[in-house]
Amino acid sequence: MVNFKKARERMVEVQVMARGVHDERVLEAMRKVPRHLFVDEALRDQAYSDHPLPIAENQTISQPYIVGIMTASLQLRGGEKVLEIGTGSGYQTAVLGELADRVFSIERYPDLGYRANSVLRGLGYDNVIIRVGDGSLGWPDDAPFDGIIVTAGTPKIPQPLIDQLAKGGRLIVPVGDRTSQELILVERAPEAIRKTNLGGVRFVNLVGKWGWKE
Ligand code: SAM
């Protein structure tokens, strides 16, 4: 029987902190969120391992380190409104729910969205709202957002997401081909858009109007 709390602390220390994520709020959120509850029961023992895991619809829950680096890049301090594209299991959503004021998350597969919603409700994340649809269009009704995180790879940065980024806001998105991407951080300064490449990653495809075709 795995001691999940210990496994989680070790995951944060060895996989996230040791690789350079030092934002204490992010580390604390990852120590707290019970990642094993976001995967199938049969995979719970592997929930804190150093790799992604399969979820329904041929999708994945991202590797813990990737969740750490992407979350830290948003530099959340507690009062923000954040948009996530690609709810998947809901794990990243929960981490954001620990760190921001409100989280809006969009998933294209209804069953993933419903499942994630039920786990998040069960854990008491009432600052999170999930919608089923094409997240490449963003969430115009509640824009602008202080942070936007895209957890699927796209050939180019969807313009609606840039448009829905608040002044001073940060967008993190994997951009590249269908099998490998670069993690791009977009910062909306008052007069300009600044882009920084945070390194190579491998994500499932963002499928939608501003992403890949089916
Ligand atoms: N953040 C997730 C987690 O913690 O489990 C991992 C997400 S998984 C790597 C990427 C997700 O993006 C998949 O669930 C996929 O169905 C979803 N996705 C792909 N294209 C999408 C789109 N256009 N709109 C919304 N979700 C999309």
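Trainee: In which loop does E57 lie?

Mentor: Please bear in mind that this is a predicted model. E57 lies in the loop that runs between β1 (53-54) and β2 (60-61).

Trainee: Which residues does the cis peptide bond join?

Mentor: For a peptide bond, omega is the angle to read. The cis bond joins A143 and P144, with omega at about 5 degrees. P144 is found in the loop between β5 (128-132) and β6 (145-150).

Trainee: How should I read the packing of helix α1 and helix α3, and at what angle do they cross?

Mentor: One reads the distance between the axes, the angle, and then the residues in contact. The axes of α1 (residues 4-17) and α3 (residues 64-73) come within 9 Å and cross at roughly 70 degrees. Angles of 65 to 115 degrees count as roughly perpendicular, and therefore α1 is roughly perpendicular to α3. The crossing is right-handed. On the α1 side the contact is made by M11, Q15 and V16, and on the α3 side by P64, Y65 and G68. By class, this contact has 4 nonpolar and 2 polar residues, with no charged residues.

Trainee: What is the angle between helix α2 and helix α4?

Mentor: Helix α2 (residues 24-32) packs on helix α4 (residues 91-99) at an angle of about 125 degrees, and their axes are 9 Å apart. That angle makes α2 oblique to α4. Here, too, α2 passes α4 in a right-handed crossing. R25, V26, A29, M30 and K32 of α2 meet Y91, V95, E98 and L99 of α4. The contact of α2 with α4 has 6 nonpolar and 3 charged residues, but no polar ones.

Trainee: Which residues come nearest to the ligand?

Mentor: One begins with the surrounding residues and then turns to individual atom pairs. There are 27 residues around the ligand, of which S89, E107, D134, G135 and V207 come nearest.

Trainee: How far from a nitrogen atom of the ligand does the backbone N or O atom of V207 lie?

Mentor: The backbone N or O atom of V207 lies 2.7 Å from a ligand nitrogen atom. For G86, a backbone N or O atom is 3.2 Å from a nitrogen atom of the ligand. With E84, a polar side-chain atom lies 3.3 Å from a ligand nitrogen atom.

Conventions. Residues are numbered from 1 along each chain as its sequence is written. This is a predicted model: local features need pLDDT of at least 70, side-chain atom pairs count only at pLDDT 80 or more; totals for chains, interfaces and linings use all residues. Side-chain values use heavy atoms; hydrogens and water are left out. Axes are lines fitted to C-alpha atoms, for helices over the stretch in contact, and angles run from 0 to 180 degrees between N-to-C directions. Helices (H or I, at least four residues) and strands (E, at least two) are DSSP runs, numbered from the N terminus. Angles under 35 degrees count as roughly parallel, over 145 as roughly antiparallel, 65 to 115 as roughly perpendicular and the rest as oblique. A crossing is left-handed if the near helix is turned anticlockwise from the far one by less than a right angle, and right-handed if clockwise. Contact means heavy atoms within 4.5 Å. Ala, Val, Leu, Ile, Met, Phe, Trp, Tyr, Cys and Pro count as nonpolar, Asp, Glu, Lys and Arg as charged, and the others, Gly among them, as polar. A residue is near a molecule or strand if one of its heavy atoms lies within 4 Å of it. A polar contact is a pair of N or O atoms within 3.5 Å; within protein, one must be able to donate a hydrogen and the other to accept it, and residues adjacent in sequence count only if both atoms are side-chain atoms.
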